Amino acid sequence: MPRTPFEINVVRDRESATVTLAGELDIATVPRVEEAIEATLTDELQVLTVDLSGLGFVDSSGLRLFIVLDQRAAEQGWELRLLRPDAQVLTVFQVSGVEENLPFIEDASVT
Amino acid sequence: MRGETERAIRDQRLSVILDALAEAVTIRAPNNHLVYANPAALERLGVASSKELREADPRELMSSWETTDEHGHELAMDDLPSVQLLRGEQPEPLLLRAVNRESGEEQWSLLKATAVRDEAGAIEAAVTIIEDVTQRRRATLRIEFLARVGDVLASSMDYEQTLRNVAGLAVPLLADWCAVDLFTEEGGREPVAIAHADEDKLRTAARLRAYEPDRLDPDRGLGLVQRTGEAQLYTEIPDELLAAAAVDEEHLRLLREVGMRSALVVPLRTRERTIGALTMVSSDSGRRFDRGDLEFAEQIAARAALAVESARLYSERSEIARTLQSSLMPDAIPQIAGWDVAALYRPAGEENRVGGDFYDFWEVDGDWLMMIGDVTGKGVAAAAVTSLVRYTARAASEYDARPAQVLARVDAALRRRPSISLCTALCLRISPGGAATLAVGGHPLPIRIGENEAAEVGEHGTLLGALARTRWPETKLELRPGETLVAFTDGVTDTVGTGGERWGATRLNAALAQAHGQTAASIRERLVAELEAFEVGAQADDTAVVIMRLAGAPRDDREALRYAGVGAAQSG
């Protein structure tokens, strides 16, 4: 069954990491993202940016992923920054009230 | 002199008002004596008259009850809010559990005290309003308990360990003793778990076991439950019963040492047979079990039986999850006055991928509440959360049946869990005449099928379980006969077809656009057919749909006439 390939791209230096996601984030792909993010969460990490602008779809397990990350950031003392997805996917975050509760930023260059 | 007359009149008026109150009210004088109790309070205290009350020693009055706070710490008279107030302190409301030492009756009360002051500001008396929260408190404890049972069932594949954990949970919250026995095919029993709040008593239990006959007596206790499959409630266990059951003096001594006051035995039932029994005994706490306790024990036993059966048959966690989840679905759609209702539930195709979609219907004040939701997460853990959500929603609606309030309570209950538990949910209240109130928490909006179109209704609200900023706006609807509401989980629109394409809201709307006037069941069949034609491969998510049509449509009549062969001309 052909599916839109899901892509995860990680760029990191010592204190910050940027994880860029492209494709459909759902029950099937969430574990891969969790694994990739887990690898970036070292003691030195200060800021984790997740770029959602390439996502074409997010389901409830995708929402859960970011809510859990936000809570871990608060507990472990690092900063989470989320880059907004396009309007259609952003709607999923907005209608569920998740957007206003998570640290979305406008642009990755903002520090 | 005149002041006293005025005061007498005032007191008389006050007592007329207080006597009429359903809430229990007492007045305590600075010497700590109770000087007044309205009829509701007299009944609660178990005192015949105000005169008897005034003459009674207040400490003695209290000593006929075993009183503790919600954590089980013993409470003395000095801890009561009214007594604290008279000491010049500022007491908080007190949640108090009282068990009558004689009757074993359990009461939960919320005590709030207010000072009555004279003109100089000195405290003349303390007025206590005693709210009976017994039912509410029990409902809360039971919901939290059932959620913990769900967690315990999820914790181990070893069913004997699971049963020991369940027994351990019941003590001392529900009973002083809790035991689980499995029946053997030879008519005997295999004790699997026994728990008691007091370790010493467990040794007594071990000694008692030596007296147990190899074969169960089919007319008594466990044997009776095994033979009939029916639960047994022994509200009161008089000494004569122990004497009759004892085989010798030592046996009777041990039975008395256990101090059984009240007991219940409920069957662990699978579809085919009774595989064992759960026994709860009340002794030191003095509680007497009632029908409500029995029904609750049956719910626990039903879950425990599922765990045993699944473990024996399949030894697979995924199977437990599936079985648990099917137990969480309503058995059949209830008859709802004025409405034609159908529902669809399709668990995800792959093993180990059992999710947490659910729906439920229950009656409130002549209306019905419907809840559909999706607990994120998989397997047994998701099933435990699903159970918490459903029971919390039902209990919440007993105090406030507004859909937004039900969602708020479910949100609060989920947040109290140690790990993040998220749930999308839609709560709908419908009346027989077609009025409906809707609140949505992170869940897809339902679709209203009108005469000419199918369109989303309602307003989005916050996902339940983890978010700090929340809102759940309510939408009021008036459905006309023949109109239908369709609520669904995202598994429907997220269904994947050829090339990874998703079914989507557009196709759903198109499928429903022409459905006005059709029966709920025929709309369901149409949806199933369309989904099956579209989907490719095993789906990763569950799908659930609830279809509710307000009956009595004009078109129904036309259809009926057409079927009768006389209405063809009316179809335009």
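Is B:Phe361 buried or exposed? B:Phe361 is buried, with 20 other C-beta atoms within 10 Å. A residue is buried if 20 or more other C-beta atoms lie within 10 Å of its own, exposed if 12 or fewer, and partly exposed in between, with C-beta atoms placed from the backbone. B:Phe361 lies in strand E13 (residues 356–364) of chain B. B:Phe361 and B:Met371 are 10 residues apart in sequence, and their C-alpha atoms are 6.5 Å apart in space.

## Basis of the model

The model is predicted: local features need pLDDT of at least 70, side-chain atom pairs count only at pLDDT 80 or more, and totals for chains, interfaces and linings use all residues. Residues are numbered from 1 along each chain as its sequence is written, while chains are lettered from A and ligands numbered from 1 in the order in which they are written.

Chain A has 3 helices and 5 strands. Helices (H or I, at least four residues) and strands (E, at least two) are DSSP runs, numbered from the N terminus. Their order from the N terminus is β-β-α-β-α-β-α-β. Chain A has 111 residues, and 29% of them count as buried.

Two residues are in contact if their C-beta atoms, placed from the backbone, lie within 7 Å. In chain A, 70% of the contacts between residues at least 6 apart in sequence join residues at least 24 apart. Between the chains, 22 residues of chain A are in contact with 25 residues of chain B. The chain B side of this contact has 8 nonpolar, 10 polar and 7 charged residues. Here Ala, Val, Leu, Ile, Met, Phe, Trp, Tyr, Cys and Pro count as nonpolar, Asp, Glu, Lys and Arg as charged, and the others, Gly among them, as polar.

## Two helix pairs

In chain A, helix H1 (residues 30–40) and helix H2 (residues 60–76) pack at an angle of about 20°, with axes 10 Å apart. Axes are lines fitted to C-alpha atoms, for helices over the stretch in contact, and angles run from 0 to 180 degrees between N-to-C directions. H1(A) and H2(A) are therefore roughly parallel. Angles under 35 degrees count as roughly parallel, over 145 as roughly antiparallel, 65 to 115 as roughly perpendicular and the rest as oblique. From H1(A), A:Val30, A:Val33, A:Glu34 and A:Ile37 meet A:Ser61, A:Gly62, A:Leu65 and A:Leu69 of H2(A). By class, that is 5 nonpolar, 2 polar and 1 charged.

In chain B, the axes of helix H8 (residues 199–209) and helix H11 (residues 249–258) come within 10 Å and cross at roughly 150°. That makes H8(B) roughly antiparallel to H11(B). B:Lys201, B:Thr204, B:Arg207 and B:Leu208 of H8(B) meet B:Leu254, B:Glu257 and B:Val258 of H11(B). This contact has 3 nonpolar, 1 polar and 3 charged residues.

## Positive phi in chain B

Most residues other than glycine have a negative phi. B:Asn32 has a positive phi of about 75° and is not a glycine. B:Asn32 sits in the loop between strand E1 (24–28) and strand E2 (34–37) of chain B. It counts as partly exposed, with 17 C-beta neighbours inside 10 Å.

B:Asp365 also is not glycine, and its phi is positive, near 50°. Its place is the loop between E13 and strand E14 (367–375) of chain B. B:Asp365 is exposed, with 10 other C-beta atoms within 10 Å.
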